[in-house]
Amino acid sequence: MAIKSLKKFGQNYLIDRNIVQKMVRTLALKKSDSVLEIGPGKGFITKELVKAADSVTAVEIDTRVIEQLNKNFDNLIIHNKNITKINLEDLKLRPPIKVIGNIPFNITGDILFKLIENKKIISDAVLIVSLDIAKRITANYRTKEYGSLTVIMNYFATSKIIQKVSRNVFYPKPNIDSAILHLKFNKEEIKEIDNQFFIKVIKASFGNRRKTLNNSLRNSIFGHHDFNNSEISLSKRAEELELNDFLKLTRFIQELECKKQMK
């Protein structure tokens, strides 16, 4: 029986082998590598992965494809789970992990933040995402695509668009084009900055994109603080700040939070 794509899972099956081979080459797999595939579906990408690595682990939410995947690939370990709900450490993969997947457009953000949460055990990821998201992640400062996702991903990873992917190489065909995105989790973190707090500051700063930082922050979860002594000009808009500016702002707000808790 043919397995139809399900809208609730955001399934658009990749049908171009050249794209798959480009993804696998980008990941530069060795036989001994720990490989995690997100959403193998019918196994189109999996087929190339099992040739390149001795063992592949996959997380797949769709129970309909599990039996066939197990029949087709001897060196595939499948977890029938939702990738956004699991703890990647529970998969017992040996770090560093290399991640690959044609991921659903509707949970791209959730998956990216899952990778950030687990960046200590992940070396890099090659993903198919919407072209719009890929451009936002890799955007330059002071461009219209520059936003919270740009700043957050730039702090945690080196990002590169490998190539644009036409909507015509998927079935069913989506309404938008995609891109192969390569993320390398090779950035040094600042020990004094809490990662989750940093993300909250960035989201708050871009909360009212057309307004000044002063307006955005005062209408956020940090609105109760006095920002007058910040070395960052709050008359600017968030898109006028670079990563280092946001790190300074995060330090400042983090210190305010600490002082508040000590009272």
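This is a predicted model: local features need pLDDT of at least 70, side-chain atom pairs count only at pLDDT 80 or more; totals for chains, interfaces and linings use all residues.

Visitor: Into which domains is the chain divided, and how is the size of an interface expressed?

Guide: The size of an interface is often given as the accessible area lost when the parts come together. Here the chain is divided into domain 1 (8–185) and domain 2 (195–262), which bury about 1,300 Å² between them, 68% of it on carbon and sulfur atoms. On the side of domain 1, Tyr 141, Tyr 146 and Tyr 155 lose the most area to domain 2, together accounting for 37% of what that side buries.

Visitor: How many salt bridges are counted between the two domains?

Guide: The count is one salt bridge; Arg 142 forms a salt bridge with Glu 240, with the closest N and O atoms 4.0 Å apart. Two residue pairs are also found in polar contact across this interface. Of the elements, α4 and α6 each give two or more residues to the side of domain 1 that touches domain 2, and the largest share, six residues, comes from α6.

Visitor: Is helix α6 mostly covered or mostly uncovered?

Guide: In general, an α-helix has 3.6 residues a turn, so residues three or four places apart point the same way. Helix α6 (residues 148–156) is mostly covered, since seven of its nine residues are buried, among them Leu 149, Ile 152, Met 153 and Phe 156. The buried residues of α6 pack against elements including α4 (108–117), β7 (158–165), α7 (195–205) and α9 (243–262).

Technical notes
Residues are numbered from 1 along each chain as its sequence is written. Side-chain values use heavy atoms; hydrogens and water are left out. Buried means under 20% relative accessible area, exposed over 50%, partly exposed in between (1.4 Å probe, protein chains only). Helices (H or I, at least four residues) and strands (E, at least two) are DSSP runs, numbered from the N terminus. Contact means heavy atoms within 4.5 Å. Domain bounds come from an automatic or database domain assignment. Buried area is the accessible area (1.4 Å probe) that two parts lose on being put together, summed over both. A salt bridge is a side-chain nitrogen of Lys or Arg within 4 Å of a carboxyl oxygen of Asp or Glu. A polar contact is a pair of N or O atoms within 3.5 Å; within protein, one must be able to donate a hydrogen and the other to accept it, and residues adjacent in sequence count only if both atoms are side-chain atoms.
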